[in-house]
Amino acid sequence: MLRMRRRSRTICLYLAIITIFLHLVLVLFSASMYHLPCDPPLPTRMSIHRELAHIHHISPVIMDANKNLSVKEDKKAAVDITVIRAEPAESGMSKLEALFDHPLYNLPSRPIPEEDWLFKVQPNAKNHDKSSQMWVSASRDGYEDVDWKNSSSHPPWLRFHLGISRWQLYPHRDPNMEPLTQHLANSRIVSAVQRSGGTQLKLVMSFPNYGQAMLKPMKQERNEETNYNLYYFSDFERHNAEIAAFHLDRILGYRRIPPVVGRLVDVVKEIKDITTDLKLARTFFTSPVGNVCFYGRCSYYCSTEHAVCGRPTALEASLAVMLPDPALAARRSWRSPWRRSYSRTKLAEWETNPDYCSSVKRTAPYNKGTRLVDFIDLVILDFLMSNMDRHHYETFEKFGNDTFLLHLDNGRAFGRHSKDEPSILAPLKQCCRIRRSTWYRLRLLSLPQYQLSDVMRSSLSHDPLSSVAPLLAEPHLAALDRRLAAVLQTVSGCLKQQSEKGGDEVFYEDLDHLKDLFASAD
């Protein structure tokens with residue numbers, strides 16, 4: 001009997017201990033839940049009006065790229081990029097998507113008048129005019145007979161041509177961009193001929209719907225730096241540089257480089273077997289290890305020593321959509337005022353005359369309008385990607401001097417990541433002139449939320465060739481951030497110089513048309 005009582009007491013004691021333990025666990029769990037912070041609701045996206053109002057009301061202080069530097073600006077400069085606060089990116093939104101969603105990339109614009117479009121779209125043709133709407137190839141081999149009487153039947157390359165305006169090649173939110181890049185990456189190639197002129201090998205590829213693209217083949221590995229002993233004018237052109245230049249141009253908000261896509265091309269089936277270019281056809285051969293190679297005819301690197309080879313037939317290349325034929329949309333070529341001498345011993349005038357910009361500012365077309373700041377935009381692009389080979393640029397003749405500059409031929413960019421070339425920035429240093437909108441976007445890209453290297457990495461990851469290897473090696477991406485800081489430092493130096501000595505304004509005010517927005521947003 002005594003034993004039974006002792007057992008009952010022991011069992012009751014155990015049950016009491018277990019009950020207390022469970023209560024303690026429950027209390028601790030409840031306390032942790034009580035102190036766990038709730039996820040704050042995602043911030044609503046600020047309207048353009050509202051954010052511009054915040055920008056408008058901030059004091060005129062410019063922050064240096066690497067340190068605090070307060071500089072009094074002119075009365076118009078009542079805005080600072082530091083106030084363009086980066087809203088936390090929404091769930092799942094990449095830095096690139098957040099950047100393109102930022103108000104600086106979605107500024108309100110006026111409707112484009114008819115005369116500011118490169119092409120005027122004719123009204124729908126009548127039935128008896130149907131023959132004029134038909135495109136039929138002379139050879140008909142591989143091409144489609146298509147009837148383009150309305151915009152819904154236009155192929156992507158034609159929609160791209162019809163979307164070119166006085167100020168840009170394509171709009172920021174272009175619904176045609178995805179179909180166009182897919183068209184370049186996947187469409188069947190029906191013709192391949194060598195592009196005449198130039199110092200290196202380039203091919204013109206044609207598609208069944210009459211679209212065309214400029215092909216530049218792979219010449220060297222992505223992580224291979226340009227030889228230090230090579231002069232800039234004897235450097236290789238790189239296919240990945242053309243691709244990266246297009247992405248960088250779009251990230252900077254310029255939209256002045258035609259879309260470029262990477263593609264794996266079959267050297268035999270998509271070039272050798274279909275080419276009608278006899279000179280090109282004679283340059284094909286098989287290497288000792290069985291790779292199919294060719295070298296074409298050109299004035300520089302077109303020889304068996306510099307042949308382009310597949311692996312064994314697969315060749316990496318960039319394909320850039322062709323601009324409208326000059327017979328339909330004439331282009332004018334302009335010699336760069338800061339053109340290099342292209343000599344191993346002789347220097348250009350701008351390299352020896354620090355006041356060189358003063359003479360440029362007095363010379364047409366740089367003495368009025370936006371031509372000078374348009375050229376500075378191009379200079380910044382070239383410095384970021386270390387392109388020293390900018391001897392000319394082009395514009396569409398239809399728009400005269402009041403239009404954007406085409407940023408073409410970027411194959412010699414991204415050659416060196418370990419060295420920056422400060423001489424590329426000479427126009428910015430000597431002229432101390434820049435668009436305010438460009439300055440804002442550069443400052444935005446220096447912020448951690450939109451870091452240039454990160455958005456470039458994200459943008460390039462959408463290219464088809466990124467599945468083979470990253471389009472830019474990491475040192476090249478790091479160099480972008482370093483060079484961006486140098487550009488910001490240069491502009492800050494211009495602001496400091498202006499405040500001390502006076503002189504011309506640093507900023508070209510291209511946001512004046514938003515003054516009404518500022519007022520309405522108060």
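**A sheet, a helix and the annotated residues**

I begin with a helix. Helix H5, residues 177–186, lies across S5, S6 and strand S10 (314–321), and runs at about 20 degrees to S6. Helices (H or I, at least four residues) and strands (E, at least two) are DSSP runs, numbered from the N terminus. Axes are lines fitted to C-alpha atoms, for helices over the stretch in contact, with angles from 0 to 180 degrees between N-to-C directions. Contact here means heavy atoms within 4.5 Å.

A word on the source: this is a predicted model, in which local features need pLDDT of at least 70 and side-chain atom pairs count only at pLDDT 80 or more, while totals for chains, interfaces and linings use all residues. Residues are numbered from 1 along each chain as its sequence is written, and side-chain values use heavy atoms, leaving out hydrogens and water.

Now to the sheet. Five strands form an open, antiparallel sheet in the order S3-S4-S5-S10-S6. Strand S3 (191–194) and strand S6 (260–266) are at the edges with a single partner strand each, so one side of each has no neighbour in the sheet. From one strand to the next, the twist averages 35 degrees. Within this sheet, S4 (residues 203–206) pairs with S5 (residues 212–217) over four bridges; strands pair if DSSP finds at least two bridges between them. Leu-203, for example, has Leu-215 in S5 as its bridge partner.

Which residues does UniProt list for "binding site"? The unreviewed entry gives Glu-237 and Asp-409. They span 173 residues in sequence, yet no two of their C-alpha atoms are more than 9.1 Å apart, so they gather at one spot. Such annotations may be inferred rather than shown by experiment.

Glu-237 sits in the loop between S5 and helix H6 (239–251) and is buried, at 7% relative accessibility. Asp-409, by contrast, is partly exposed at 37%. Buried means under 20% relative accessible area, exposed over 50%, and partly exposed in between (1.4 Å probe, protein chains only). The side chains of Asp-409 and Lys-216 are joined by a polar contact of 2.9 Å, that is, a pair of N or O atoms within 3.5 Å; within protein, one must be able to donate a hydrogen and the other to accept it, and residues adjacent in sequence count only if both atoms are side-chain atoms.

Finally, UniProt's unreviewed entry places "active site" at Asp-389, which is buried at 8% relative accessibility.
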